[in-house]
Amino acid sequence: MTALDAFLAELERLRSDAAAALDSAVPTGVASADAVEAARVEFLGARSGRLKAIQKLLGGVPAADKPAAGRHFNETKAAVAALLAAAQARVAAAATPAAPPLDVTLPGTPVPRGHLHPLTQTIRRVQEIMGRLGFESVDGPEVEDQWHNFEALAIPAEHPARDPLDNFYLAVARGSDPLLLRSQTSTVQIRVMEGRKPPLRIVSLGRVYRPDTADATHYPMFHQVEGLLIEPGTTMAHLKSVLRLFASSFLGGDVHVRFRPSFFPFTEPSVEVDMEWGGRWVEMGGAGMVDPAVLAAVGYDPAEVSGFAFGLGVERIAARRYGVADIRDFFRNDVRFLSQF
Ligand code: DAH
């Protein structure tokens with residue numbers, strides 16, 4: 001027998017012994033983990049493993065046979081390492097406890113439920129309360145022309161409210177009559193009156209835009225409630241009753257409403273509307289009797305019809321109701337804030 005043949009026979013014996021030892025390492029917990037570890041030390045141990053011993057025999061193989069001997073040595077080493085890895089994997093798998101049977105009676109993982117934004121809740125609540133008072137909810141466009149945002153509301157071209165610095169005019173080609181993001185929901189009064197005959201009771205809630213710097217009480221986009229009632233014999237007393245009924249329903253309790261003389265181009269007389277809250281008067285918006293010039297602009301006969309209008313800030317009344325000090329919180333989209341409502 002040549003030195004090479006003897007060397008190869010040793011390798012073969014090692015391989016079959018390793019296969020016998022590792023394949024028989026039945027995966028039944030700690031005992032077999034120990035058996036696999038013992039096999040690793042016996043066959044592949046770095047200091048006194050059998051493979052190491054065979055490696056030493058390589059010195060006795062003639063130089064011409066060394067490449068073939070080396071190749072077989074490496075093959076055997078890889079084969080035994082693979083057997084070991086497979087046995088270790090079986091032991092690890094056996095050590096992992098089987099998944100417990102599914103208990104369908106356990107409570108499920110709760111899915112967090114969302115809800116409406118506090119401003120949307122406010123808008124719906126206002127619509128609901130005003131609906132009970134007979135006011136139909138209508139919408140108008142947020143991109144408006146000068147007629148509906150200003151002209152028909154008796155706000156002439158030279159009026160400071162039309163200043164380019166106080167409005168978001170849109171840079172689209174409309175000649176001398178550019179469009180703008182509406183600065184007030186009073187636009188909807190005009191649109192409704194243009195299309196319908198009195199009597200009318202409408203509310204319109206939606207976004208308005210003004211280039212204000214955001215602070216605790218201002219935001220470049222906010223919401224208004226617009227109310228309009230056109231009926232024979234309407235007086236300021238009706239206006240105040242409606243606002244008081246609204247305030248009491250919305251804020252809860254018997255909320256007092258105070259009128260202070262004011263001026264709006266589209267109402268005559270005009271008032272600021274304050275509501276009492278925690279012993280303090282808080283300004284909620286404006287109101288008044290619809291100006292005859294506005295009635296005429298929409299084709300009504302001011303000698304025959306009259307009515308009142310009001311405009312309130314949605315963020316303001318929501319902030320009152322929920323005790324929010326900074327209206328920017330409504331727009332930060334912070335779920336920790338929003339989930340409170
Ligand atoms: N449009 C006014 C504003 O934005 C609010 C307002 C005042 C609306 C008086 C009205 C009203 O309908 O009668 O400041």
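Residues are numbered from 1 along each chain as its sequence is written, and side-chain values use heavy atoms, with hydrogens and water left out. As the model is predicted, local features need pLDDT of at least 70 and side-chain atom pairs count only at pLDDT 80 or more, whereas totals for chains, interfaces and linings use all residues.

The structure holds 22 of them, a salt bridge being a side-chain nitrogen of Lys or Arg within 4 Å of a carboxyl oxygen of Asp or Glu. In one of these, Glu142 pairs with Arg207, and the closest N and O atoms are 3.3 Å apart. Because Glu142 lies in the loop between strand 1 (136–137) and strand 2 (143–144) while Arg207 lies in strand 5 (residues 200–209), this pair ties together parts that are 65 residues apart in sequence. Helices (H or I, at least four residues) and strands (E, at least two) are DSSP runs, numbered from the N terminus. Glu142 is partly exposed at 26% relative accessibility, and Arg207 is also partly exposed, at 39%. On this scale, buried means under 20% relative accessible area, exposed means over 50%, and partly exposed lies in between (1.4 Å probe, protein chains only).

Asp163, Asp166, Asp212 and Asp215 form a negative surface patch. Patches are made of residues with over 30% relative accessible area and no salt bridge, like charges being joined within 9 Å and nonpolar side chains (Val, Leu, Ile, Met, Phe, Trp, Tyr) within 5 Å. Asp166 is located in the loop between helix 6 (146–149) and strand 3 (168–169), and with a relative accessible area of 41% this residue is partly exposed.

Turning to the aromatic residues, a pair of rings is described by the distance of the centres and the angle of the planes. Rings of Phe, Tyr and Trp (its six-membered ring) pair if their centres lie within 6.5 Å; planes under 30 degrees apart count as stacked, over 60 as edge-to-face and the rest as tilted. By this rule there are six aromatic pairs. In one of them, the ring centres of Tyr322 and Phe341 are 4.9 Å apart and the planes stand at 70 degrees, so the pair is edge-to-face. Tyr322 is in helix 10 (residues 314–322) and Phe341 in the segment after helix 11 (335–338), so that the pair links distant parts of the chain, 19 residues apart. Phe341 also pairs with Phe337: their centres are 5.0 Å apart and their planes at 65 degrees, so this pair is edge-to-face as well. Tyr322 is partly exposed at 24% relative accessible area, whereas Phe337 counts as buried at 14%. Together, Tyr322, Phe330, Phe337 and Phe341 form one aromatic cluster.

The backbone also deserves a look. Most residues other than glycine have a negative phi, and most peptide bonds are trans. The bond from Pro198 to Pro199, however, is cis, with omega near 5 degrees, and Pro199 lies in the loop between helix 7 (187–195) and strand 5. Another cis bond runs from Glu268 to Pro269, with omega near -5 degrees; Pro269 is in strand 8 (residues 267–277). Ala154 has a positive phi near 60 degrees, lies in the loop between helix 6 and strand 3, and is partly exposed at 28% relative accessible area. For Asn333, phi is likewise positive and near 60 degrees. Asn333 occupies the loop between helix 10 and helix 11 and counts as exposed at 61% relative accessibility.

Terms used. Areas by Shrake-Rupley, 256 points an atom, 1.4 Å probe, with all protein chains shown as cover. Lys, Arg positive; Asp, Glu negative; His and termini not counted. Charge placed at Lys NZ, Arg CZ, Asp CG, Glu CD.
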